[in-house]
There are 2 protein chains.
Amino acid sequence: MSALLKTPTDESTSQKGSAQLAIDTIRTLSMDAVLKAHSGHVGAPLGLAPTAYALWTEFMRYDPSAPDWPNRDRFVLSVGHGSMLLYSVLHLAGVEEIDAHGKKTGQPAVSLDDIKQFRQLSSKTPGHPEYRMTTGVETTTGPLGQGCGNSVGMALAERWLAARYNKPDAPLFDHDVFVLCGDGDMMEGVASEAASMAGHLKLSNLCWIYDNNKVSIEGFTNLTFSDDVAERFRAYGWKTLHVADGNDLGAIREALTEFRATDDRPTLIVVDTVIGYGLQKQQGTASAHGEAFDADDVKGAKRFYGWPEDQSFLVPDGVAEAFHAAVSERGRPLRETWEADFARYAKAYPELAAQIEAMRAGRLPEGWDKALPSFEPDAKGVASRDAGGKVLNAIAETVPYLVGGSADLAPSNKTKLGFADAGSFGPDNYAGRNLHFGIREHAMGAIANGMALSYVRSYASTFLVFSDYMRAPVRLSAIMEIPVVWVFTHDSIGVGEDGPTHQPIEHLANLRAIPGLNTIRPCDANETVEAWRVAMEQTHEPTALVLSRQPLPTLDRTKYAPASGLKRGGYVLAGDPNETPDVILIGTGSEIALCIETYESLRAEGIKARVVSLPSWELYEKQDQAYRDSVLPPEIMARVVVEQAGSMGWDRYVGAKGAKVTMSTFGASAPLAKLQQKFGFTAEAVLAKAKEQIAARKG
Amino acid sequence: MSALLKTPTDESTSQKGSAQLAIDTIRTLSMDAVLKAHSGHVGAPLGLAPTAYALWTEFMRYDPSAPDWPNRDRFVLSVGHGSMLLYSVLHLAGVEEIDAHGKKTGQPAVSLDDIKQFRQLSSKTPGHPEYRMTTGVETTTGPLGQGCGNSVGMALAERWLAARYNKPDAPLFDHDVFVLCGDGDMMEGVASEAASMAGHLKLSNLCWIYDNNKVSIEGFTNLTFSDDVAERFRAYGWKTLHVADGNDLGAIREALTEFRATDDRPTLIVVDTVIGYGLQKQQGTASAHGEAFDADDVKGAKRFYGWPEDQSFLVPDGVAEAFHAAVSERGRPLRETWEADFARYAKAYPELAAQIEAMRAGRLPEGWDKALPSFEPDAKGVASRDAGGKVLNAIAETVPYLVGGSADLAPSNKTKLGFADAGSFGPDNYAGRNLHFGIREHAMGAIANGMALSYVRSYASTFLVFSDYMRAPVRLSAIMEIPVVWVFTHDSIGVGEDGPTHQPIEHLANLRAIPGLNTIRPCDANETVEAWRVAMEQTHEPTALVLSRQPLPTLDRTKYAPASGLKRGGYVLAGDPNETPDVILIGTGSEIALCIETYESLRAEGIKARVVSLPSWELYEKQDQAYRDSVLPPEIMARVVVEQAGSMGWDRYVGAKGAKVTMSTFGASAPLAKLQQKFGFTAEAVLAKAKEQIAARKG
């Protein structure tokens, strides 16, 4: 072992020596894994290993034997491409694996064999850290800036949980959120938005550690980036600290200590590092970013570290044990105290404790849907955004941990919780349940994901057209299988005068194309109730609720089928389900009214029409073939779909020869009635198409 | 007129009185238009009217009779919802209308009648300013932050044009770009990214004027926003100035003068305003943001301004004339001098002048495609990103005004221009043609749009999965009908080890769903040549080029159909086009190789297979029915599509019963070959599907 201690640092005590050993173990494991996989990134692992070491062994309040302890500090690797840093740490810390049911498997979260399987099929060590794939991975990162955004959601959730649940004798929630981030995070707008919001909210439990390695893929960052990052963050309201040498454990320790002592704002620690530290040819250059080194380079780096150059995946005796002990000795007692606190808490505040348990388990409270409204038939009707607001409020009153808001459009999205103790979340009221995300859709998405990862049921809202600004987090909610509710209102040319920039056309298709996301576009107030019900009942799938700006008639459900059909995605809304129809009118959302009007005209003429409400393709596709054939009998191909959106994908339900009353261009600025005329969304036009379909199929 | 001069300011000279008259004309026109339309926003028009007045009458170098003069200063209303401000200014300035062919129509850009048609169908005054709809509208704005992003592209283009084309005796390009922006722009990440880039690039010709009205839709901005905006912009490298009273013309003038004197960085002018200034009940509150006032409120505001309260759409005598004269007297001589300069320039530098003329006309130079490469058959092949890089370089050498870059992925996207005088665009080299956008995809998109609006042919590149970060500008390029080339590489699970966060699934469908965007996914190097050819030949349609990371075999085009078939979107690649096939294999991009392999197996068994390469749905749909029926004969429904992407939309081409060898989930982290196995992209799987199809259609 003595050779191993000949590190290039001037540290001499055995305690310090063991620190350096652990640091160099992270580095060499990372290099060996990337070399074996012929793929991956060592920039962050080599540069940030000392920071990660100090953070985990000296600061993180984390029990490796209970990585699902709710009050653990969170560690977010926003530089997800440096995943080997995280895997190495999880390995050295001896984090224990927990399965999908919350049970221990008796396996380590990341074994040495797992590390040898880096980036291989079905391994626990995929290219970027994936939530649910590896115990200890708090969020899926890789798309830059997302981890930073998530972290704000996590820190905000902690503040909210503390404000709502802590008691003087049981401070159940008081954890911190640490983020390792890089130049990409500093440049991506989503992280800027998130930082601005964190500063406003004075989230003093949030610490971003910026790996200032001065290099990105195209070269030195000064090729394109001249921000004074620290000044920028001070302008956001953050404390900023500087570590001039990323290998200086003392300075790292000092900065983290100062973060812990800061109680009025988030902290950014700028750590100057050398990218690829140790790789003699690559360090400090862009070629250190990706895999641009060979076995000889790795040997050279190992020599530089004073490491046996011919050994791969070496974890020297005692290194993992010492690392684990350091984390565990601090974390385990804290967790055990917490468990005792919680037991007492559960006796003193059984209702609150039950809420916490339900949150952890992803369950809804008993009777959560008891106050769901039901809407009377009404020809004038109500906008589904308005109905949605009522439903949301009814649910939120019985689901105390449903928290969310809008990107500065709450009065339009109708997502404000209006009941007595809802309140506005802000630096002076962390108990508030109405979040004001500001005009920051992208961060809103990432923050809502972070909240969901911290047990809170989150929802987030904007205009459907601006889902474009937050595609990445919506996608990530589906990848991570977290049941965020995305509320998108103003869902078509129904937006009217605001014109094409505000009228979604392709957005419904775009949402429907995301695997694992349920997109639901209800046709009236009662379908809106059912849509929210489905959304809330999900434990692993996010939902996009697509709601109208304009009023939609509330259908008479004694005359037409009940709205509960929505849960099957599509159902026969009008017409006898046992009758063989002459023509099928298919619609979603606001266009169901047109379908019904056409249906009544056809019926008056003795034509056997059917209306199928198809608010959710995804839910419909989960039904068995028999059910689907009963709704859309394969032999009846006289079909018309009516939807104020692009036609993409509708061939699936109407066939290539079916009629599509849909949009083929962008919209226009005008009152809605004029737009409906212009783009052919009139009862006459739909009636004509229906008759053409009948004639064509007979001919 | 004397009553009109009783304004609430203490200005007394008739000159100042006329300023106030013009300012209040902007305000009252805007209120009257919004009131008549029952829709729209007066916040910016009321608060910023003095700023707009000072800017246009005293600073803008703009000839109302030649709004297409290339060296005009640009005015960008990033707060697009305040469109009436822009329409009022265009009306008062007497800007003359130019039609789609660049000819004067003899009409004003915006007449008083047009203003009365605010937000009505087909009017020249749509809800948000729309490029091509109204002369004088430099870009389509509304989605917040986009105008700011565009402005950086415009300012950058000006620097580039100046560096490339100016001569000591002919400074053809030296214009400025002015932006009116709001709280939304300050909060949106895209604007943060753009500001960071503008600061790095030291774009001293760029001036953002921030309407600091302290109010957004949900309430006071301090509900969610605590940035020290000026400090933040100084951290980006901007000069910052402050106007404490948005009604103080002298202070506005001073700030604009200081901007003009600043030659080393962009300028942010923070103008403190009162939102809804004049509306007694609403001013300074969130209710002033949208339409929340009635006729009485407007009367009250008019009384406050000292305006005849019963007159609507009043432009007092002399106001438009004086406004026009002020703009014109400065702008017209400058424009005329420029024309003379250009005439001399054209004689001295005919080649450069021809380039400028071509740029203005949206034309390509003669022989632009003469150096396009052609690739020899090669079983190992070349990644289409690599082929794309070669093609791009060949085109760029002959199209000197093709300028673009990547969001820090140039070495991966292969978009770097490598020839001698290409160079890197930066603060020390405005003549460079390689842009380094940094890790700022969203701003990259908005900047590329701004460049295209300033005559430069722009391209921008990132991984396909990160098109999610820039959906809004891609959409806007289609709405504006500007031929930006979006280069998206790493186009499928072919990404391999980077895993699901980096593997696009829904993105092809998402691009195909955007009206007016041509999405092209070429199958080999020679189709990549044709794809770039199509992209360059567009004058009104943007193109998304979707390219592979992994090598694709270069097909032997003597054996299979020529790649020129790409221009029709889809074509019979393999099999006799006159034969009736037993089964049709349809593919795009990297999956064509699998289709060909399957085709050869089927042929070996005596089965009449056909392969259709369908790289662009949009180009294919533009072909006539006869052609389409010849490629995909309607009677042959034994069809298999193979595409490493979600199946959304493919029913259109293979029918509900056709086989779809596509993705139904997210991808995974593993070497590509393992992923192909896992997800069923193997020759055996495709062969089996083809045979099933043949059997099913016969049965």
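Reader: Which residues have the most contacts inside the largest nonpolar core?

Author: This is a predicted model, and its largest nonpolar core holds 336 residues. A second, separate core of 68 residues includes B:L92, B:V243, B:L256 and B:V271. Within the largest core, the residues with the most contacts are A:W208 and B:W208.

Reader: Which strands stand at the edges of the open sheet of 5 strands in chain B?

Author: The strands of this open sheet in chain B pair in parallel and follow the order β1-β4-β5-β9-β8. A strand with a single partner has one side left without a neighbour in the sheet, and this holds for two strands of chain B, β1 (74–77) and β8 (239–243).

Reader: Which residue stands opposite B:F75?

Author: Strand β1 of chain B runs parallel to β4 (residues 177–181) of chain B, and 4 bridges join the two. Across this pairing, the residue in β4(B) that stands opposite B:F75 is B:F178.

Reader: Which helix lies across β4, β5, β8 and β9 of chain B?

Author: The strands concerned include β5 (206–212) and β9 (267–272) of chain B. The helix that lies across them runs at about 170 degrees to β8(B), spans residues 249–261 of chain B, and is α9.

Reader: How many residues apart in sequence are the parts that A:D73 and A:R61 tie together?

Author: A:D73 and A:R61 form a salt bridge whose closest N and O atoms are 3.2 Å apart. Buried means under 20% relative accessible area, so A:D73, at 0%, counts as buried, and A:R61, at 19%, counts as buried too. Both lie in the loop between α3 (43–59) and β1 (74–77) of chain A, and the parts they tie together are apart in sequence by 12 residues.

Reader: Is B:R335 buried or exposed?

Author: The side chain of B:R335 meets that of B:E339 in a salt bridge of 3.6 Å, N to O. Because the two are 4 residues apart in helix α11 (residues 319–348) of chain B, about one helical turn separates them. B:E339, at 34% relative accessibility, counts as partly exposed, whereas B:R335, at 14%, counts as buried.

Technical notes: Residues are numbered from 1 along each chain as its sequence is written. Chains are lettered from A and ligands numbered from 1 in the order in which they are written. This is a predicted model: local features need pLDDT of at least 70, side-chain atom pairs count only at pLDDT 80 or more; totals for chains, interfaces and linings use all residues. Side-chain values use heavy atoms; hydrogens and water are left out. Two strands pair if DSSP finds at least two bridges between them. Contact means heavy atoms within 4.5 Å. Axes are lines fitted to C-alpha atoms, for helices over the stretch in contact, and angles run from 0 to 180 degrees between N-to-C directions. A nonpolar core is a set of buried Ala, Val, Leu, Ile, Met, Phe, Trp, Tyr and Cys residues joined through side-chain atoms within 4.5 Å. Buried means under 20% relative accessible area, exposed over 50%, partly exposed in between (1.4 Å probe, protein chains only). A salt bridge is a side-chain nitrogen of Lys or Arg within 4 Å of a carboxyl oxygen of Asp or Glu.
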